[in-house]
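Here are a few friendly notes to read alongside the structure.

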Amino acid sequence: MKQLVFVLLLISGLTTYAQDYSYIPIVKPGLQIWTTHFASEGTNGYHYNRFALTEEDTLIENETYKKLYWFQDSVFNPSTAECIGGLRENSQKQVFYKGKEGYDNESWYGIMLYDFSLSVGDSMKWFNQKYFFVKSIDTIEVLGIFRRQFTIGYIANEMEVCKWIEGIGNNQGLLYNIIDKIVTGGSTGFLSCYEYNGELQYYNNTENSYYGFVGCSNVVGLDAIEKDKAKIFVYPNPAKDDINFSCSSMIKDIEIYDIMGKM
(Lines give C-alpha, C1' and ligand atoms only; values in the text may rest on other atoms or scores of the structure.)
Protein backbone atom coordinates (compact mmCIF):
# COMPACT_ATOMS: atom_id res chain seq x y z
CA MET A 1 0.00 0.00 0.00
CA LYS A 2 2.85 2.37 0.78
CA GLN A 3 4.21 1.96 -2.70
CA LEU A 4 0.77 2.68 -4.24
CA VAL A 5 0.41 5.86 -2.20
CA PHE A 6 3.90 6.90 -3.24
CA VAL A 7 2.98 6.59 -6.93
CA LEU A 8 0.05 8.93 -6.49
CA LEU A 9 1.80 11.54 -4.41
CA LEU A 10 5.23 11.81 -5.96
CA ILE A 11 4.42 14.75 -8.21
CA SER A 12 7.26 17.08 -9.02
CA GLY A 13 7.03 20.79 -9.53
CA LEU A 14 8.42 22.57 -12.56
CA THR A 15 12.18 22.97 -12.28
CA THR A 16 14.30 24.98 -14.67
CA TYR A 17 16.86 23.10 -16.76
CA ALA A 18 18.47 23.65 -20.15
CA GLN A 19 19.67 20.25 -21.35
CA ASP A 20 18.53 17.07 -23.12
CA TYR A 21 15.79 19.00 -24.91
CA SER A 22 13.92 18.02 -28.08
CA TYR A 23 10.62 19.40 -29.36
CA ILE A 24 7.51 17.44 -28.36
CA PRO A 25 4.38 18.10 -30.45
CA ILE A 26 0.91 18.30 -28.96
CA VAL A 27 -0.73 16.38 -31.81
CA LYS A 28 1.05 13.01 -31.74
CA PRO A 29 0.20 9.30 -31.95
CA GLY A 30 -1.57 7.76 -28.97
CA LEU A 31 -4.31 8.76 -26.56
CA GLN A 32 -4.00 12.05 -24.68
CA ILE A 33 -6.30 13.22 -21.88
CA TRP A 34 -6.47 16.70 -20.35
CA THR A 35 -8.44 17.47 -17.19
CA THR A 36 -9.20 21.16 -16.64
CA HIS A 37 -11.02 23.14 -13.98
CA PHE A 38 -12.86 26.35 -14.75
CA ALA A 39 -14.82 29.07 -12.92
CA SER A 40 -16.78 31.61 -14.92
CA GLU A 41 -17.16 35.22 -13.82
CA GLY A 42 -19.65 35.77 -11.00
CA THR A 43 -19.87 32.11 -9.92
CA ASN A 44 -18.73 30.48 -6.69
CA GLY A 45 -18.22 26.99 -8.03
CA TYR A 46 -15.65 25.18 -10.12
CA HIS A 47 -16.52 22.49 -12.61
CA TYR A 48 -14.22 20.33 -14.64
CA ASN A 49 -13.92 19.38 -18.29
CA ARG A 50 -12.03 16.45 -19.75
CA PHE A 51 -10.68 16.26 -23.27
CA ALA A 52 -9.38 13.21 -25.12
CA LEU A 53 -7.40 13.45 -28.34
CA THR A 54 -7.35 10.22 -30.34
CA GLU A 55 -5.61 9.03 -33.50
CA GLU A 56 -8.90 9.12 -35.43
CA ASP A 57 -8.91 11.45 -38.42
CA THR A 58 -11.77 13.81 -39.17
CA LEU A 59 -12.08 16.15 -42.14
CA ILE A 60 -13.15 19.69 -41.22
CA GLU A 61 -13.31 22.36 -43.94
CA ASN A 62 -10.94 20.36 -46.15
CA GLU A 63 -8.32 20.02 -43.41
CA THR A 64 -7.48 16.78 -41.60
CA TYR A 65 -7.72 16.94 -37.81
CA LYS A 66 -7.42 14.39 -35.05
CA LYS A 67 -10.73 13.90 -33.25
CA LEU A 68 -11.10 15.75 -29.95
CA TYR A 69 -13.67 14.48 -27.43
CA TRP A 70 -15.25 16.11 -24.38
CA PHE A 71 -16.36 14.00 -21.41
CA GLN A 72 -16.72 14.03 -17.62
CA ASP A 73 -16.56 10.34 -16.79
CA SER A 74 -13.72 8.82 -14.80
CA VAL A 75 -12.64 6.76 -17.83
CA PHE A 76 -12.68 7.88 -21.46
CA ASN A 77 -15.15 5.97 -23.63
CA PRO A 78 -15.50 7.26 -27.22
CA SER A 79 -18.98 5.74 -27.48
CA THR A 80 -20.31 7.92 -24.65
CA ALA A 81 -18.00 10.95 -24.98
CA GLU A 82 -18.93 13.80 -27.31
CA CYS A 83 -16.74 14.61 -30.31
CA ILE A 84 -16.54 18.41 -30.32
CA GLY A 85 -14.08 18.88 -33.20
CA GLY A 86 -10.41 18.28 -33.74
CA LEU A 87 -6.80 19.40 -33.35
CA ARG A 88 -4.09 19.54 -35.98
CA GLU A 89 -0.45 20.62 -35.90
CA ASN A 90 1.64 21.71 -38.87
CA SER A 91 5.36 21.54 -39.57
CA GLN A 92 5.78 25.10 -38.20
CA LYS A 93 4.81 23.86 -34.68
CA GLN A 94 1.44 25.62 -34.85
CA VAL A 95 -1.56 23.90 -33.25
CA PHE A 96 -5.11 24.57 -34.48
CA TYR A 97 -8.52 23.75 -33.02
CA LYS A 98 -11.69 23.61 -35.07
CA GLY A 99 -15.05 22.62 -33.66
CA LYS A 100 -17.74 23.83 -31.30
CA GLU A 101 -17.61 27.47 -30.27
CA GLY A 102 -18.61 27.93 -26.67
CA TYR A 103 -19.57 24.95 -24.57
CA ASP A 104 -20.24 24.19 -20.90
CA ASN A 105 -19.72 27.84 -19.90
CA GLU A 106 -16.35 28.09 -21.61
CA SER A 107 -15.55 30.02 -24.78
CA TRP A 108 -13.86 27.73 -27.27
CA TYR A 109 -13.00 29.04 -30.70
CA GLY A 110 -11.84 27.63 -34.00
CA ILE A 111 -8.42 29.22 -33.97
CA MET A 112 -4.68 28.67 -33.79
CA LEU A 113 -4.26 27.75 -30.14
CA TYR A 114 -0.47 27.61 -29.96
CA ASP A 115 2.52 28.71 -31.99
CA PHE A 116 5.66 27.10 -30.66
CA SER A 117 7.77 28.58 -33.48
CA LEU A 118 7.71 32.02 -31.81
CA SER A 119 10.69 33.64 -30.14
CA VAL A 120 10.93 35.96 -27.14
CA GLY A 121 9.39 39.33 -28.01
CA ASP A 122 7.33 38.02 -30.93
CA SER A 123 3.70 39.19 -31.00
CA MET A 124 0.52 37.44 -32.11
CA LYS A 125 -3.05 38.46 -32.79
CA TRP A 126 -6.29 36.74 -31.85
CA PHE A 127 -9.43 37.56 -33.87
CA ASN A 128 -7.76 40.78 -35.11
CA GLN A 129 -8.53 42.35 -31.75
CA LYS A 130 -6.12 41.62 -28.94
CA TYR A 131 -2.36 41.46 -29.18
CA PHE A 132 -0.22 39.12 -27.11
CA PHE A 133 3.50 38.47 -27.07
CA VAL A 134 6.07 35.98 -25.77
CA LYS A 135 7.51 37.38 -22.56
CA SER A 136 10.01 34.58 -21.98
CA ILE A 137 10.88 31.02 -22.94
CA ASP A 138 12.33 28.58 -20.42
CA THR A 139 13.39 24.97 -20.64
CA ILE A 140 11.74 23.08 -17.81
CA GLU A 141 11.59 19.51 -16.60
CA VAL A 142 8.13 18.05 -16.06
CA LEU A 143 8.22 14.61 -14.44
CA GLY A 144 11.59 13.84 -15.99
CA ILE A 145 10.84 15.20 -19.49
CA PHE A 146 12.43 18.43 -20.74
CA ARG A 147 10.09 20.82 -22.55
CA ARG A 148 10.08 24.50 -23.49
CA GLN A 149 7.65 26.72 -21.60
CA PHE A 150 6.40 29.96 -23.19
CA THR A 151 5.19 32.76 -20.91
CA ILE A 152 2.53 34.70 -22.82
CA GLY A 153 1.88 38.37 -21.97
CA TYR A 154 -0.60 41.05 -22.98
CA ILE A 155 1.06 43.84 -24.96
CA ALA A 156 -0.98 46.72 -23.47
CA ASN A 157 0.28 46.25 -19.91
CA GLU A 158 2.70 43.30 -20.20
CA MET A 159 0.69 41.26 -17.70
CA GLU A 160 1.23 37.50 -17.79
CA VAL A 161 -1.77 35.77 -19.33
CA CYS A 162 -0.76 32.11 -19.33
CA LYS A 163 2.02 29.65 -20.02
CA TRP A 164 2.29 27.26 -22.95
CA ILE A 165 4.14 23.98 -22.38
CA GLU A 166 5.35 22.04 -25.41
CA GLY A 167 3.58 18.72 -25.83
CA ILE A 168 1.04 19.61 -23.13
CA GLY A 169 -0.61 22.96 -23.89
CA ASN A 170 -1.92 25.91 -21.90
CA ASN A 171 -1.47 25.78 -18.12
CA GLN A 172 -4.93 27.37 -17.80
CA GLY A 173 -6.69 24.73 -19.89
CA LEU A 174 -6.29 23.07 -23.26
CA LEU A 175 -8.87 25.31 -25.01
CA TYR A 176 -8.78 28.19 -22.54
CA ASN A 177 -9.72 31.51 -24.18
CA ILE A 178 -7.02 34.00 -23.19
CA ILE A 179 -9.07 36.91 -24.53
CA ASP A 180 -11.72 36.31 -21.85
CA LYS A 181 -9.09 36.81 -19.19
CA ILE A 182 -8.23 40.22 -20.63
CA VAL A 183 -11.80 41.38 -21.37
CA THR A 184 -13.62 40.16 -18.25
CA GLY A 185 -10.79 39.77 -15.78
CA GLY A 186 -12.99 37.29 -13.99
CA SER A 187 -12.88 33.95 -15.75
CA THR A 188 -10.23 31.65 -14.38
CA GLY A 189 -9.11 28.14 -15.08
CA PHE A 190 -6.20 25.78 -14.84
CA LEU A 191 -4.97 22.52 -16.26
CA SER A 192 -5.29 19.97 -13.49
CA CYS A 193 -3.44 17.12 -15.16
CA TYR A 194 -2.33 15.68 -18.50
CA GLU A 195 -1.99 11.99 -19.37
CA TYR A 196 -0.40 10.38 -22.41
CA ASN A 197 -1.10 6.72 -23.20
CA GLY A 198 -2.19 6.15 -19.62
CA GLU A 199 0.91 7.79 -18.11
CA LEU A 200 0.59 10.89 -15.96
CA GLN A 201 2.95 13.52 -17.44
CA TYR A 202 1.71 16.72 -15.79
CA TYR A 203 0.00 17.39 -12.48
CA ASN A 204 -0.77 20.86 -11.12
CA ASN A 205 0.14 20.09 -7.54
CA THR A 206 -0.31 23.67 -6.27
CA GLU A 207 -3.82 24.27 -7.60
CA ASN A 208 -5.05 20.72 -7.02
CA SER A 209 -3.90 20.76 -3.40
CA TYR A 210 -5.39 24.21 -2.72
CA TYR A 211 -8.84 23.37 -4.09
CA GLY A 212 -8.85 19.73 -3.04
CA PHE A 213 -9.00 18.42 -6.62
CA VAL A 214 -7.62 15.14 -7.88
CA GLY A 215 -7.20 15.06 -11.63
CA CYS A 216 -6.12 11.57 -12.63
CA SER A 217 -8.27 9.36 -14.83
CA ASN A 218 -9.19 6.72 -12.30
CA VAL A 219 -10.17 9.06 -9.49
CA VAL A 220 -11.99 11.91 -11.27
CA GLY A 221 -15.73 11.44 -11.67
CA LEU A 222 -17.67 14.38 -10.26
CA ASP A 223 -20.00 16.58 -12.29
CA ALA A 224 -19.00 19.69 -10.34
CA ILE A 225 -16.72 20.63 -7.47
CA GLU A 226 -17.71 23.62 -5.36
CA LYS A 227 -14.98 26.09 -4.51
CA ASP A 228 -16.27 26.60 -0.97
CA LYS A 229 -16.22 22.92 0.00
CA ALA A 230 -13.63 21.62 2.44
CA LYS A 231 -10.00 21.80 1.35
CA ILE A 232 -7.91 18.67 1.86
CA PHE A 233 -4.14 18.79 2.21
CA VAL A 234 -1.72 15.88 1.90
CA TYR A 235 1.85 16.13 3.17
CA PRO A 236 4.76 15.67 2.92
CA ASN A 237 4.98 15.69 -0.85
CA PRO A 238 6.81 13.72 -2.10
CA ALA A 239 6.31 11.04 0.57
CA LYS A 240 8.42 7.97 1.26
CA ASP A 241 6.87 6.02 4.15
CA ASP A 242 4.25 8.09 5.95
CA ILE A 243 1.70 10.64 4.72
CA ASN A 244 -0.56 13.03 6.62
CA PHE A 245 -4.04 14.31 5.77
CA SER A 246 -5.58 17.51 7.06
CA CYS A 247 -8.96 19.02 6.24
CA SER A 248 -10.94 22.14 7.15
CA SER A 249 -13.89 19.86 8.03
CA MET A 250 -14.19 16.50 9.77
CA ILE A 251 -12.91 13.61 7.66
CA LYS A 252 -15.38 10.74 7.62
CA ASP A 253 -13.22 8.28 5.72
CA ILE A 254 -10.44 8.20 3.13
CA GLU A 255 -10.01 5.99 0.10
CA ILE A 256 -6.72 5.87 -1.82
CA TYR A 257 -6.51 4.56 -5.38
CA ASP A 258 -3.50 3.67 -7.47
CA ILE A 259 -3.12 4.86 -11.04
CA MET A 260 -4.84 1.66 -12.28
CA GLY A 261 -7.96 2.50 -10.26
CA LYS A 262 -7.40 -0.14 -7.56
CA MET A 263 -8.31 0.92 -4.01
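**Notes on the aromatic rings**

1. Let's begin with the overall count: this predicted model holds 10 aromatic pairs. One of them joins Y23 and F116, whose ring centres are 6.3 Å apart. The angle between their planes is 55°, and the pair is tilted.

2. Now look at where these two residues sit. Y23 belongs to the loop between β1 (15-16) and β2 (32-39), while F116 belongs to the loop between β7 (111-115) and β8 (123-126). The pair therefore links distant parts of the chain, 93 residues apart. Y23 is partly exposed, at 23% relative accessible area, whereas F116 is buried, at 0%.

3. Next, turn to Y114 and W164. Their ring centres lie 5.4 Å apart with the planes at 90°, so this pair is edge-to-face. Y114 is in strand β7 and W164 is in strand β11 (residues 160-165), so the pair ties together parts 50 residues apart in sequence. Y114 is buried, with 1% relative accessibility, and W164 is also buried, with a relative accessible area of 2%.

4. Which residues form one aromatic cluster? They are Y23, Y114, F116, F150 and W164.

5. Finally, check two places where a charge meets a ring. K28 lies over the face of Y196, 5.1 Å from the ring centre. In the other, the charged end of R88 sits over the ring of F96, at 4.2 Å from its centre.

Notes
Residues are numbered from 1 along each chain as its sequence is written. This is a predicted model: local features need pLDDT of at least 70, side-chain atom pairs count only at pLDDT 80 or more; totals for chains, interfaces and linings use all residues. Side-chain values use heavy atoms; hydrogens and water are left out. Rings of Phe, Tyr and Trp (its six-membered ring) pair if their centres lie within 6.5 Å; planes under 30 degrees apart count as stacked, over 60 as edge-to-face and the rest as tilted. Helices (H or I, at least four residues) and strands (E, at least two) are DSSP runs, numbered from the N terminus. Buried means under 20% relative accessible area, exposed over 50%, partly exposed in between (1.4 Å probe, protein chains only). A charge sits over a ring if NZ of Lys or CZ of Arg is within 6 Å of the ring centre and within 35 degrees of the ring normal.
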